[in-house]
Amino acid sequence: PGTQSRALAMLLLCLAGVAQGHQSNAVAVFCSHIFKRNRDLTKAWRGKTEQLLRVDEHDFTMRPAFGGPAIPVGVDVQVESLDSISEVDMDFTMTLYLRHYWKDERLSFPSTNNKSMTFDGRLVKKIWVPDVFFVHSKRSFIHDTTTDNIMLRVFPDGHVLYSMRVTVTAMCNMDFSHFPLDSQTCSLELESYAYTDEDLMLYWKNGNESLKTDEKISLSQFLIQKFHTTSRLAFYSSTGWYNRLYINFTLRRHIFFFLLQTYFPATLMVMLSWVSFWIDRRAVPARVSLGITTVLTMSTIITGVNASMPRVSYIKAVDIYLWVSFVFVFLSVLEYAAVNYLTTVQERKERKLRERFSCSCGIPHSKTMMLDGNYSESDANSLAGYTRNQMAAEEEKPEKMVVHLAMSNESNSSRKRGLKGHVGLRIIQNTHAIDKYSRLIFPGTYIFFNLIYWSVFS
C-alpha cells in the first residue's frame, strides 16, 4: 500500500507539473517513463486483435456468404524458380508465391486511417481460407524456414490477401517423338478441393498479368519460351463442376549438349568405319578389328542415350539417327565380309586353273604365269599372238618366261567377244571395285540421310 500511494503521489505530481508547466528534472524523467510505457500500443493491440476482428463471434468453418452466390476468389502467382525438369519421371519442380484475394465481411473492422493489418500463419488456422490444391501434384510443401512462409493481410472493409510460398512437384506429360529436337509444354493446375463452382469461383485476378516470373529463371537443358495462364471447368462424375486454373509454360530444349555427346560421336564412328575401304583387303586383322570397334562403340552410345530416357513405346528422333548410323557401320563390316568371300572364291578358281594347266606342254625349263581377274583387254590382246606352235618353238630358250593363256585356238575376234561378255561380271570378280564404289556410295548416302533428317526434325 505504501508503494502504491507513492506511485499515485508521483503520478499526481506529474499531472500537476504538466498543468502548471514546470517540474523538476527527476520528476520529468519519471513522468516521461510512465507515459512512454503507457503508449506501448503494441502490447495493448495484441491482446485486442481477435476481439477487433470478432473471430470468436462467427463460425469460420463455413465460407463467406454461405447459402448465397458463389464467392469469387482471385488468384495471382509469382514464379520464383523452375528448379528441375525430369524426363525419366516426367515431372517438374517449381517454387512460387501463391496469393488469394477474397472478401469476408466477418473480418471487417472499424478504422479511421483505412490501413490494413498484417498477420502471420497463426491467424490462418482460426479463419476461413480457400482450399486450393495442385492437381496432378506428386509432392508439395509450404516453406517453414525460419517460420511458416504465410502472410495474411486484412483490410477494414473485409478484403483479405492470403499469400504463401510453395514448392510443388507436378506431373508433366511429355512427348519425346522429336527428342532431343523437341519442345515441351507443361501445366501447373490449381483447383478447389471441396467447393464446386456453385460455392467458390476461382479466377485469375488480372488475366494474363496475374502470372509474373523472375527474369533470372534459367535451366541447363531448356530455354523457357513463354508463360501464360488459362482457365476452364473440370467435371467429376461424383461431385460436380469445379473451376480450374492453369499455369502453362513452354520449354525448348538446348541441342548443343546432344550435338557434343551424341550426334558428333555417332557421325565420327560412321566416318571411321569408312577407313576400312582404303585398307588392303588382305589385311584381315586391321579391317575386322576396325569394324568390330565401331560397331561396339555405336552400341555403347545407343545404350547411354536410352539409359537417361523413359522407356517409351514409340521411336524418338535420336533413335532414328543412332540406328541408321549403326546400320551404316554394320554394313561396312558386311562389305568387307563380301570382299573377303569373293577374294577366296577367286583364288579357288585360280588354283583350279593352275592345276588344269600344270603341264607346260613339253617345255621343261619354262616358267608359267597365270593371269587373275585383274587383267585388262589390252593385256589379253598383247598376248593373243601366242599360239601353241610358237610356244613349242620356245623350247630352245629354257631361260625365257612363257605365258600360257587359258584360251582355245580361236581367232582374235572370238577372244574379244569372250572378254566383252565378262565385263559385267568384273565388278563382282574384281574385289577392288567393290571397295572403290563403297568409297562413294556410303558417304553419299549418309550425307543424303543427314540432309533429310535435319530438314524434317529441326
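The crossing of H5 and H6 is left-handed, a term used when the near helix is turned anticlockwise from the far one by less than a right angle. The model is predicted, with local features needing pLDDT of at least 70 and side-chain atom pairs counting only at pLDDT 80 or more, whereas totals for chains, interfaces and linings use all residues. Residues are numbered from 1 along each chain as its sequence is written, and side-chain values use heavy atoms, without hydrogens and water.

Helix H5 spans residues 256–273 and helix H6 residues 284–307, and their axes, which come within 9 Å, cross at roughly 165°. H5 and H6 are therefore roughly antiparallel to each other (angles over 145 degrees). In their contact (heavy atoms within 4.5 Å), Thr262, Pro265, Ala266, Met269, Leu272 and Ser273 of H5 meet Leu290, Thr294, Thr297, Met298, Ile301 and Val305 of H6. These residues comprise eight nonpolar, four polar and no charged, where Ala, Val, Leu, Ile, Met, Phe, Trp, Tyr, Cys and Pro count as nonpolar, Asp, Glu, Lys and Arg as charged, and the others, Gly among them, as polar.

The axes of H6 and helix H7 (residues 317–356) come within 10 Å and likewise cross at roughly 165°, which makes H6 roughly antiparallel to H7. The crossing of H6 with H7 is left-handed. Among the residues that make this contact are Val284, Arg287 and Val288 of H6, together with Val318, Asp319 and Leu322 of H7. By class, the contact of H6 with H7 holds 15 nonpolar, six polar and three charged residues.

Definitions and conventions. Axes are lines fitted to C-alpha atoms, for helices over the stretch in contact, and angles run from 0 to 180 degrees between N-to-C directions. Helices (H or I, at least four residues) and strands (E, at least two) are DSSP runs, numbered from the N terminus. Angles under 35 degrees count as roughly parallel, over 145 as roughly antiparallel, 65 to 115 as roughly perpendicular and the rest as oblique.
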